[in-house]
Amino acid sequence: KPIAIDLVEADQMVEAARKSGAKLAINQQNHLNPGIRKACQLVTEGLIGEVVLVRGRNKAGRKSGNEFMEMGTHVTDMMLRFVGAPQWCAGTVCAQGRLAGLQDIMEAKEMSPRDRDSGLVMGERALAYYGFAGGVLGEIHFIDYPKGMGANYGVDVLGAEGQLAVRASGDPAQSLWHLPRPMEGKPSQLGDWLPIDLGGIGESRIADMYRGLAEAVARGTEPPGSGEEGRWAFEMIMAIYQSHREGGRRVELPLKDRRHPLEVWRAESVRR
């Protein structure tokens, strides 16, 4: 993860798998996080009523630019599990206490030498909003909290009758909580969050992903974290850059221009 460096490559991968009949899966292992699976079941059963908003929380420890390419698609993939593909995105990226600009585009290794070479990145903090079918809203935060402050990493699902919170760091057996009302209330009421017993969680999430891929090959079905799902998780990240580049306006999804928004921005500045 992510599936590729830009959407051009992602499209080529998905199309190659389609033409060849191969099964393409992206190892975003929280796709099968026990808390995520149980939360999806509870949403389907109507525990929290109609879904109103899905909120993604980053893991921290990185600036937003590198977080986009290291952990960002894990967060968007978890969001997608509840609401499907988004229809639009509006995003903002900040650097050094201001809106990020052309001068802030750099290579990933320049921003964080310890991370992988994952192409062009930009920014220290970012915020984005998404629109999904049926008027469901989404938001995602990339806040450059220091390493070790990743306990909030996960997703919140807000419904008309309650909320669910999944945290993807820490003990997988205790990663899901339920609030039996739609709003949090006063800080003194935070103890009203109820842990949900997930029972036996079996093997690791990565083992579950490999097992799911093997079963998909055997049955001719789509694997968990399919190429198309992985592409959507990545597109939600690229859309933040595209929206920011256009002044934070809503951009329709799928993006029409599949090139990396930061590459296009840099190239257009050179032509001027």
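**View 1. The N-terminal end of helix α1 is capped by Asp6.** A side-chain oxygen of Asp6 lies 3.1 Å from the backbone nitrogen of Val8, a polar contact being a pair of N or O atoms within 3.5 Å in which, within protein, one atom must be able to donate a hydrogen and the other to accept it, while residues adjacent in sequence count only if both atoms are side-chain atoms. The model is predicted, with local features requiring pLDDT of at least 70 and side-chain atom pairs counting only at pLDDT 80 or more, whereas totals for chains, interfaces and linings use all residues. Residues are numbered from 1 along each chain as its sequence is written, and side-chain values use heavy atoms, with hydrogens and water left out. Helices (H or I, at least four residues) and strands (E, at least two) are DSSP runs numbered from the N terminus.

View 2. Leu7, Ala10, Val14 and Ala17 of α1 are buried (under 20% relative accessible area, with exposed over 50% and partly exposed in between, for a 1.4 Å probe and protein chains only). These four residues cover an arc of only 90° around the axis, which puts them on the same side of α1; the arc is that of the directions from the helix axis to the C-beta atoms. On the other side of α1, Gln12, Lys19 and Ser20 are exposed, and the helix is followed by Gly21, whose phi is positive, near 85°.

**View 3. Glu15 is found in helix α1.** Glu15 counts as partly exposed because its relative accessibility is 30%, and its side chain makes a polar contact of 2.5 Å with the side chain of Arg18. The C-alpha atoms of Glu15 and Gly227 are separated by 9.4 Å, although the two residues are 212 apart along the chain.

**View 4. Helix α6 (227-245) is included in what covers the buried residues of α1.** Of the 19 residues of α6, 15 are buried, so the helix is largely enclosed by the rest of the structure. Just after α6, Gly247 takes a positive phi of about 80°.

**View 5. Strand β10 (residues 176-179) runs antiparallel to β9 (residues 163-167) and to β11 (residues 194-195).** Four bridges join β9 to β10, and two join β10 to β11. Trp177 in β10 stands opposite Ala165 and opposite Pro195 in β11.

Methods: Contact means heavy atoms within 4.5 Å. Two strands pair if DSSP finds at least two bridges between them.
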